[in-house]
Amino acid sequence: MDKHLVVIGGTAAGMSAAARARRGDSSLPITVFERTGHITYGSCGLPYYIGDVIKDVNKLITYTPEYMKKERNIDVYTLHEVTNINTQEKYVKVKDLKSGDIFKQPYTQLVIATGAIPIVPKILGVEHKNIFTLRNIEDGLRIKELLSSGRVKRADVLGAGFIGLEVSEALRNWGIEVTVFEMLPAILPQIDKEFVALVEDELQKNSVKLYKNTKVVEFQASGKNVIKILTEDGRTFESDMVIASVGVKPNTALAKNANISIGPLGGIAVDKYMRTSAPDVWAAGDCTETYNLVTRKPAYLPLGTTANKQGKIAGENVVGGSAAFPGILGTQGTKIFDTYVATTGLDEMSAKDAGIAAVSAKIVHTDKASYYPGSKYIHTKIVLDKKTAKVVGAQMTGSEGIGKRIDIFATAITAGMTAYQLNELDLAYAPPVSPVYDPVLIAASAGIKVLEKA
């Protein structure tokens, strides 16, 4: 059989794999199958689209199938769903969702980039037409269509993670009542409780009602479009729409059916070269699991940054390369109204679970020179390995200035730097961008004091 790369999935990981393979081999036939109607879009921008910050959904789309064919010579078929992988005979079975036709596509190399699928809570009545998940362009279009109709006066969000809180802000942009239900005792469980309190204050300030430790047990249709929400503690609420944002899980059905190994956290098991257990089959992105850079243990955290990197590595190795993926720290951040939140590496509980004796220090300082107009406070927590003094984690909340600083912490963790080394970094100073002693350095200094007392 002549060489032919087939890629399942046309978003971050899949298209990165196809593009990198094309760069490495200009003559290799490459075919990508995507079951939705769009490729290479920024799914992380969907809350801002439904919140009308981004008014044109096409702004989220980087490339079209036509562009990929013309500029990269990659054949991309949208609305084509791969329904089966045969690793022995090396073909995939594909269904054209427009015509219903089913056909086989042989491959010599295969990249699985099926992504993640939203977790639909097992709640009676969850199939109501005005209950949504938000994962792809089509989801965003449906949600915004309903919001634009003017029929929505009240909306509810299930789940108070990063995405759920971004969605709550998006819904408030429409001037409607917004309620968030979280079944756990706390929101953003990966963030320090003192920092979470600042986020909760921001929600309250912007009239978002928050019910923690509250489990929704049933949805009932009430009237033409109204949804009645019943909670485990006997309370009843009414809403015009609900967005379920309780997490995602790796989309591994195809891999499982092909007897490709699945890892302990439920994602496709891959080595550092993104190879699966099947010959000539790679996998990348949200359908896979990786490992944590600090603990060296399996990790699953679906992020667009990780998906793009893994896709490039898979694509390079498909054409004979030896690129390796080093693992993740789980660096992520978001904006919730006017409060920014970011985290990287381990918190103290995760460190303890990994067998690391951790200590931490917290500081509060301005993001610019205190006398400069518009300076705002940044809250920072640094987590250190007590035995080695190495930085293993950090959390920040406050102004947009946390963006560059959480990346400094991520760099320090990746490089294996100690608090002492971090404290000596030569960071930029100018009154409009930073105080003379940056919050990163102040946190490192505070960490050193804790270490020396421990």
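**Reading the chain and helix H8**

Guide: The chain exposes about 20,700 Å², and carbon and sulfur atoms supply 50% of that area; accessible areas come from the Shrake-Rupley method with a 1.4 Å probe, and for residues only the protein chains shown count as cover. This is a predicted model, where local features need pLDDT of at least 70, side-chain atom pairs count only at pLDDT 80 or more, and totals for chains, interfaces and linings use all residues. Residues are numbered from 1 along each chain as its sequence is written, and side-chain values use heavy atoms, with hydrogens and water left out.

Visitor: How many helices and strands are in the chain?

Guide: Helices (H or I, at least four residues) and strands (E, at least two) are DSSP runs, numbered from the N terminus. The chain has twelve helices and 26 strands. Its radius of gyration is 23 Å, close to the 22 Å that the globule rule gives for 454 residues, so the chain is as compact as a globular protein of that length. The radius is taken over C-alpha atoms, and the rule is 2.2 Å times the number of residues to the power 0.38.

Visitor: Which residues of H8 are buried?

Guide: An α-helix has 3.6 residues a turn, so residues three or four places apart point the same way. Buried means under 20% relative accessible area (1.4 Å probe, protein chains only). In H8 (residues 304-318), the buried residues include Ala307, Gln310, Ile313, Ala314 and Asn317.

Visitor: What do the buried residues of H8 pack against?

Guide: Contact means heavy atoms within 4.5 Å. Among the partners are helix H1 (12-24) and strand E1 (5-8).

Notes:
Expected span 1.5 Å × (residues − 1). Buried < 20%, exposed > 50% of the residue type's maximum accessible area, 1.4 Å probe, protein only.
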